Amino acid sequence: MQSVAERGTLTAPRPAVRGTGKHGVMAFSSILKKVAMALTGLGMFLFLIGHLAGNLLLLKGPDSFNGYAAFLAKIPLVVPVEIGLLLLALLHIASAVSVTLGNWTARPQRYAVKRTAGSSTFASRTMWIGGLVLAVFIPLHVWMFKYGDHHGPQELYGLVMRSFQNPLIAFGYAFAMIPLGLHLSHGFASAFQTLGINRPRLRPRLRAAGAVLGWLIALGFLVLPFWGFFGQ
Amino acid sequence: MDLTLKVWRQAGPKEKGRLVTYEAKGIPEDASFLEMLDIVNSRLEAQGEEPIAFDHDCREGICGSCGCMINGRPHGPGQGITTCQLYMRKFHHGDTIVIEPFRARAFPVVKDLVVARSAFDKIIQAGGFISVNTGSAPEANTIPVPKPNAEAAMDAAACIGCGACVATCKNASAVLFVSAKISHLALLPQGEPERERRALAMVAAMDAAGFGHCSNEGECEAECPKGISLVNIARLNREHLRATVRK
């Protein structure tokens, strides 16, 4: 029998952390896929805070909101930020699809009876559903308000308010904010855990911060269609 | 107490399995769950039937051999116990108990309630060891280890590799197990020489075995008979990231 010293440090084949996976695509380790999802998710989380802060100017009236839109249109940073957000979203979706498909194939035979120990939440169990709703909602949302029928940033307030007069748009928008709140409330703390930022004392705080921030953002956005539909 | 058991019976790895109902009458409340299965098996044998196959060894909760899904939970109701430490007094007269093997692509059924957990062995082989100098053992106190690190390493080392974490995870993920093994060695100076290659090799072995990913739900931690904490998974992620960056 070989001693450990004779074998050297590690006889196992050097791990193929990067390389060509069995599906012919670049394969990253399971943890790196989750890290990609966490970083892109946190990036979009930060964007949502800024996006909400700007959109709440709707409540202040046309001058404030259109002024804000005109200000954004003037900054040369907008296009790079938009491209960055698109890349974040695509990378988030790509890693999510890869991770979720892997998860679905990891247990081919289901249990006849399965109970939870009470640690998972409705939010954590519905991440992929929320992601799917948002993947449909966000392109529609961008198409409607960015490329919608308006004449420059001076008229954006009118476009948004007219759109929210349509009950289908107002309630569709409002409905999509529920999966958003669920998605963010689990995703925030989960991202920190994935990035390795967790300690026993930090954990309940991260969970609480995720739930509070996630639902505050969702409720903030939820106010807008209701205000547009009922408020005028 | 009289019980109705619905037990997964599967003759072999390639055979089709199904839940079979057995009446288990007159089971003593003080019997352990495995002793209850022993009683049922001796009756099955007396009737000339094939006894229910299940894994077990020490029967005192420290070896990690036993384990099955009992009414949808690994090691059954209760916390901090393995299947052998589960007693029938936790159940009531007249209860129906559904008993299934741990299920995961990486844990194929061998027979009835016995699953192959060799995937865990492959993960350990990939990096769950340290280099030591040959010769006489060094004096134990020559390597200083901070007390908190020793405590955290010992907590992680409590993992017995039973597979309950994989069994309960909705993704059949093995990260709690891998994180315990990584943490146990990463926290100690003895684990330092292979630290980075271990964090890459064990994760690669885990991925190759076909386990799912971590959704950070914490069901594994809640079901772990040894109370391995999710904080270990955060450490595994840090170790793997660090190793990837420094590779």
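This is a predicted model: local features need pLDDT of at least 70, side-chain atom pairs count only at pLDDT 80 or more; totals for chains, interfaces and linings use all residues.

Trainee: Where is A:Ser163 placed, and what does A:Ser163 touch?

Mentor: A:Ser163 lies in helix α7 of chain A, residues 156-165. Leaving aside residues up to four places away in sequence, A:Ser163 touches A:Met144, A:Phe145 and A:Ile169.

Trainee: What makes α2(A) and α8(B) roughly perpendicular to each other?

Mentor: Two packed helices are described by the angle between their axes and the distance between the axes. Here the axes of helix α2 (residues 30-55) of chain A and helix α8 (residues 231-246) of chain B cross at roughly 95 degrees and come within 10 Å. Angles of 65 to 115 degrees count as roughly perpendicular, and therefore α2(A) and α8(B) are given that description.

Trainee: Which residues make the contact?

Mentor: From α2(A) they are A:Ile31, A:Leu32 and A:Val35. From α8(B) they are B:Leu236, B:Asn237, B:His240, B:Leu241 and B:Thr244.

Trainee: What does the secondary structure of chain B come to, and what percentage of its residues is buried?

Mentor: Chain B has eight helices and seven strands. Of its 247 residues, 56% are buried.

Trainee: How far apart in sequence are the residues that contacts in chain B join?

Mentor: Among contacts between residues at least 6 apart in sequence, 69% join residues at least 24 apart.

Definitions and conventions:
Residues are numbered from 1 along each chain as its sequence is written. Chains are lettered from A and ligands numbered from 1 in the order in which they are written. Side-chain values use heavy atoms; hydrogens and water are left out. Helices (H or I, at least four residues) and strands (E, at least two) are DSSP runs, numbered from the N terminus. Buried means under 20% relative accessible area, exposed over 50%, partly exposed in between (1.4 Å probe, protein chains only). Contact means heavy atoms within 4.5 Å. Axes are lines fitted to C-alpha atoms, for helices over the stretch in contact, and angles run from 0 to 180 degrees between N-to-C directions. Angles under 35 degrees count as roughly parallel, over 145 as roughly antiparallel, 65 to 115 as roughly perpendicular and the rest as oblique.
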